[in-house]
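Let's take a walk through this one, with side chains as our guide. Have the viewer open and follow along.

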Amino acid sequence: MINDVISRLGEIESTAVMIMENSNTKKAQIAKESEERMAEYDKELQKRCDSQIKIMKQKNNQEIQAEIERLQEETIKDIQRLEENYQNSHTRMVQGIVNILTGV
């Protein structure tokens with residue numbers, strides 16, 4: 001009878017050890033799968049971020065280019081106005097300067 005109890009306890013202990021080993025194996029497997037999923041998620045997230053950054057850079061470059069073109073056009077118009085003003089007024093301005101210098 002006591003031998004039967006000891007034998008049964010030995011079986012229970014062996015079963016418990018097997019359960020612990022199986023749970024440790026399963027735990028390691030789950031951890032590995034979780035790490036793989038996280039790595040895949042990080043990789044996909046990086047791809048999406050890179051794509052968004054590329055789109056934002058393209059948009060920014062387009063806006064900058066549009067602003068440069070606008071400023072160039074504005075500068076050309078300003079230069080044309082100055083040239084027109086000079087062409088229309090240079091004789092009068094020169095005469096005014098001569099008058100100031102000669103005291104007339």
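Helices here are DSSP runs of H or I with at least four residues, strands are runs of E with at least two, and both are numbered from the N terminus. Leu-9 lies in helix H1. Before going further, some housekeeping: this is a predicted model, so local features need pLDDT of at least 70 and side-chain atom pairs count only at pLDDT 80 or more, while totals for chains, interfaces and linings use all residues. Residues are numbered from 1 along each chain as its sequence is written, and side-chain values use heavy atoms, with hydrogens and water left out.

Together with Val-5 and Ile-12, Leu-9 makes a nonpolar surface patch of about 260 Å². Patch members have over 30% relative accessible area and no salt bridge; nonpolar side chains (Val, Leu, Ile, Met, Phe, Trp, Tyr) are joined within 5 Å, like charges within 9 Å. The areas come from the Shrake-Rupley method with a 1.4 Å probe, and for residues only the protein chains shown count as cover.

Now for the charged pairs. A salt bridge is a side-chain nitrogen of Lys or Arg within 4 Å of a carboxyl oxygen of Asp or Glu, and by this rule the count comes to 4. One of them links Glu-11 to Arg-8, at 3.1 Å from N to O. Both residues sit in helix H1 (residues 2-102), 3 residues apart, or about one turn of the helix. Glu-11 is partly exposed because its relative accessibility is 43%, given that buried means under 20%, exposed over 50%, and partly exposed in between (1.4 Å probe, protein chains only).

Further along, the side chains of Asp-78 and Arg-81 meet in a salt bridge of 2.1 Å, N to O. These two are 3 residues apart in helix H1, so about one helical turn separates them. Salt bridges that share partners also join Glu-67, Arg-70 and Glu-74 into one network. Within it, the closest N and O atoms of Arg-70 and Glu-67 are 2.6 Å apart. Arg-70 counts as partly exposed at 39% relative accessibility, and Glu-67 does too, at 34%.

Last stop: is Ser-89 buried or exposed? With 7% relative accessibility, Ser-89 counts as buried. Ser-89 is also in helix H1, and its side chain is joined to that of Arg-92 by a polar contact of 3.1 Å. A polar contact is a pair of N or O atoms within 3.5 Å; within protein, one must be able to donate a hydrogen and the other to accept it, and residues adjacent in sequence count only if both atoms are side-chain atoms.
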